[in-house]
Amino acid sequence: RSLSATRGTVAIYLLIMAAALSRVASPFVDTLGPTLLILSGLFWSTGFAIFALHYGPMLCRPSNNTPN
């Protein structure tokens with residue numbers, strides 16, 4: 001396999017980074033703090049769902065490695 005990120009992988013990384021940034025920013029914004037926490041959870045949940053859909057089937061299949 002080539003070592004290039006697919007669109008799904010890029011989306012996962014972007015969503016998880018957005019979750020982390022909104023989580024860290026939430027205590028510093030008085031009025032938007034709870035909203036940023038909710039958004040953080042949504043970003044993380046969506047990123048994990050994409051990960052499970054994208055990589056789950058590959059991780060559940062037997063490997064293609066054959067012993068020499």
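**Close-up views of the predicted model**

**View 1. The largest pocket and the residues that line it.** In this predicted model, the largest pocket has a volume of about 160 Å³. Its lining is made up of 10 residues, of which Thr6, Thr9, His54, Tyr55 and Met58 are the closest to the pocket centre. Helix α2, which spans residues 33–60, supplies the largest share of this lining, with 3 residues. Sorted by class, the lining of the largest pocket comprises 4 nonpolar, 5 polar and 1 charged residues.

**View 2. The crossing of helices α1 and α2.** The axis of helix α1 (residues 7–25) comes within 8 Å of the axis of α2, and the two cross at roughly 160°. Because angles over 145 degrees count as roughly antiparallel, α1 and α2 are therefore roughly antiparallel to each other. The crossing of these two helices, α1 and α2, is left-handed.

**View 3. The contact of α1 with α2.** On the α1 side, the residues that meet α2 include Ile12, Leu15, Ile16 and Arg23, while among their counterparts in α2 are Leu36, Phe43, Trp44, Ile50 and Phe51. Taken by class, this contact has 14 nonpolar, 7 polar and 1 charged residues.

How values were computed:
Residues are numbered from 1 along each chain as its sequence is written. This is a predicted model: local features need pLDDT of at least 70, side-chain atom pairs count only at pLDDT 80 or more; totals for chains, interfaces and linings use all residues. Side-chain values use heavy atoms; hydrogens and water are left out. On a 1 Å grid over the protein atoms alone, a cavity is a set of points where a 1.4 Å probe fits but cannot get out, and a pocket is an open set with protein on both sides within 12 Å along at least five of seven lines; lining residues have an atom within 4 Å of a point. Grid points are joined across faces, edges and corners, and a volume is the space filled by probe spheres set on the points. Helices (H or I, at least four residues) and strands (E, at least two) are DSSP runs, numbered from the N terminus. Ala, Val, Leu, Ile, Met, Phe, Trp, Tyr, Cys and Pro count as nonpolar, Asp, Glu, Lys and Arg as charged, and the others, Gly among them, as polar. Axes are lines fitted to C-alpha atoms, for helices over the stretch in contact, and angles run from 0 to 180 degrees between N-to-C directions. Angles under 35 degrees count as roughly parallel, over 145 as roughly antiparallel, 65 to 115 as roughly perpendicular and the rest as oblique. A crossing is left-handed if the near helix is turned anticlockwise from the far one by less than a right angle, and right-handed if clockwise. Contact means heavy atoms within 4.5 Å.
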